[in-house]
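The entries follow the order in which I looked things up.

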Amino acid sequence: MMIVLETQDLRKYYGEGDTLVRALDGVDLTVEEGQFVSIVGTSGSGKSTLLHMLGGLDRATSGKVLVGGRDIFALGADDLTIFRRRQIGFVFQAYNLVPVLNVYENIVLPIELDGEHIDRPFVDSVIETLGLESKLNNLPNQLSGGQQQRVAIARALATKPAIILADEPTGNLDSKTSQEVLSLMQLSSKKYGQTIVMITHNEEIAQLANRIIHIEDGRIVRGGNA
């Protein structure tokens with residue numbers, strides 16, 4: 001299988017001297033195309049920092065993040081923004097939907113921002129897979145939390161990114177809705193061959209992935225290599 005995501009000796013330090021915090025302390029990680037990976041760690045373990053690095057939302061102190069073989073930190077700010085929009089889909093705990101746009105407009109927004117052609121059959125397939133056909137004209141505030149998170153997943157899938165990064169995607173949902181949303185992520189991963197990396201503090205949720213990586217004190221302690 002092709003390696004779609006790789007980190008090489010990734011480090012992120014904050015402060016200096018006595019106040020130095022090693023949020024990430026030499027992370028080596030590979031993820032193969034089509035894998036659904038959970039990164040598990042307690043609060044303060046470095047998992048959110050790692051996700052931000054993987055998505056190019058923050059720059060590392062040292063080390064590399066390669067997405068599709070491309071070193072994202074070698075890109076300038078504008079090129080990184082474009083690369084992120086095309087190659088990385090994000091699913092956050094807070095949904096991050098645009099309140100004045102309806103469901104369909106939210107789903108295709110990244111494609112339209114990029115001036116790209118919308119692959120309507122593919123987008124329709126994603127909408128159907130996530131059970132959103134009857135909600136396309138609704139605004140986000142007319143949806144439940146679980147429905148909003150499904151829209152966020154559909155938006156992430158619609159651009160056919162190299163990788164989807166999910167940051168505690170069920171953190172705002174009750175346990176039943178969490179299971180539904182995670183099952184849909186599993187299904188999407190299998191159906192579209194989509195690579196997904198999800199961070200969570202919940203070992204039970206992590207079990208739904210087909211590979212689990214444990215992080216403690218900014219270091220991967222198990223499961224780092226594909």
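At roughly what angle do the axes of helix H5 and helix H6 cross? I kept in mind throughout that this is a predicted model.

**Entry 1: H5 and H6**

I took helix H5 as residues 145-158 and helix H6 as residues 175-192, and I found that their axes come within 10 Å and cross at roughly 15°. Angles under 35 degrees count as roughly parallel, and H5 and H6 are therefore roughly parallel to each other. I noted the handedness as well: H5 passes H6 in a right-handed crossing. On the H5 side I listed Gly-146, Gln-149, Arg-150, Ile-153 and Leu-157, which meet Thr-177, Glu-180, Val-181, Leu-184, Met-185, Ser-188 and Tyr-192 of H6.

**Entry 2: H4 against H6**

I then turned to helix H4, residues 120-129. The axes of H4 and H6 come within 11 Å and cross at roughly 145°, and H4 passes H6 in a right-handed crossing. From H4 I wrote down Phe-122, Ser-125, Val-126 and Thr-129, and from H6 the residues Leu-184, Leu-187, Ser-188, Lys-191 and Tyr-192, as the residues that make the contact. The contact of H4 with H6 divides into 5 nonpolar, 3 polar and 1 charged.

**Entry 3: H4 against H5**

How far apart are the axes of H4 and H5? I read 10 Å, with the two helices packing at an angle of about 155°, and that makes H4 roughly antiparallel to H5. The crossing of H4 past H5 is right-handed. Phe-122, Val-123 and Val-126 of H4 make this contact with Ala-154, Leu-157 and Ala-158 of H5, and I counted the residues of the contact of H4 with H5 as 6 nonpolar, no polar and no charged.

**Entry 4: aromatic pairs**

How many aromatic pairs does the count come to? I got 2 aromatic pairs, taking rings whose centres lie within 6.5 Å. Phe-90 and Phe-92 form a stacked pair, at 5.5 Å centre to centre with 5° between the planes. Phe-90 counts as buried at 15% relative accessibility, whereas Phe-92, at 21%, counts as partly exposed.

Phe-122 and Tyr-192 form an edge-to-face pair, at 5.2 Å centre to centre with 70° between the planes. Phe-122 lies in H4 and Tyr-192 in H6, so this pair ties together parts that are 70 residues apart in sequence. I also checked accessibility here: Phe-122 is buried, with a relative accessible area of 16%, while Tyr-192 counts as partly exposed at 21%. Looking back, I saw that Phe-122 and Tyr-192 are also among the residues that make the contact of H4 with H6.

**Entry 5: Glu-216**

Is Glu-216 buried, exposed or partly exposed? I placed Glu-216 in strand S9, residues 211-216, and found this residue partly exposed, with a relative accessible area of 46%. In sequence Glu-216 and Gly-46 are 170 residues apart, yet in space I found 7.1 Å between them, C-alpha to C-alpha. Setting aside the neighbours within four places in sequence, I recorded Ser-45 and Val-221 as the residues in contact with Glu-216.

Key: Residues are numbered from 1 along each chain as its sequence is written. This is a predicted model: local features need pLDDT of at least 70, side-chain atom pairs count only at pLDDT 80 or more; totals for chains, interfaces and linings use all residues. Side-chain values use heavy atoms; hydrogens and water are left out. Axes are lines fitted to C-alpha atoms, for helices over the stretch in contact, and angles run from 0 to 180 degrees between N-to-C directions. Helices (H or I, at least four residues) and strands (E, at least two) are DSSP runs, numbered from the N terminus. Angles under 35 degrees count as roughly parallel, over 145 as roughly antiparallel, 65 to 115 as roughly perpendicular and the rest as oblique. A crossing is left-handed if the near helix is turned anticlockwise from the far one by less than a right angle, and right-handed if clockwise. Contact means heavy atoms within 4.5 Å. Rings of Phe, Tyr and Trp (its six-membered ring) pair if their centres lie within 6.5 Å; planes under 30 degrees apart count as stacked, over 60 as edge-to-face and the rest as tilted. Buried means under 20% relative accessible area, exposed over 50%, partly exposed in between (1.4 Å probe, protein chains only). Ala, Val, Leu, Ile, Met, Phe, Trp, Tyr, Cys and Pro count as nonpolar, Asp, Glu, Lys and Arg as charged, and the others, Gly among them, as polar.
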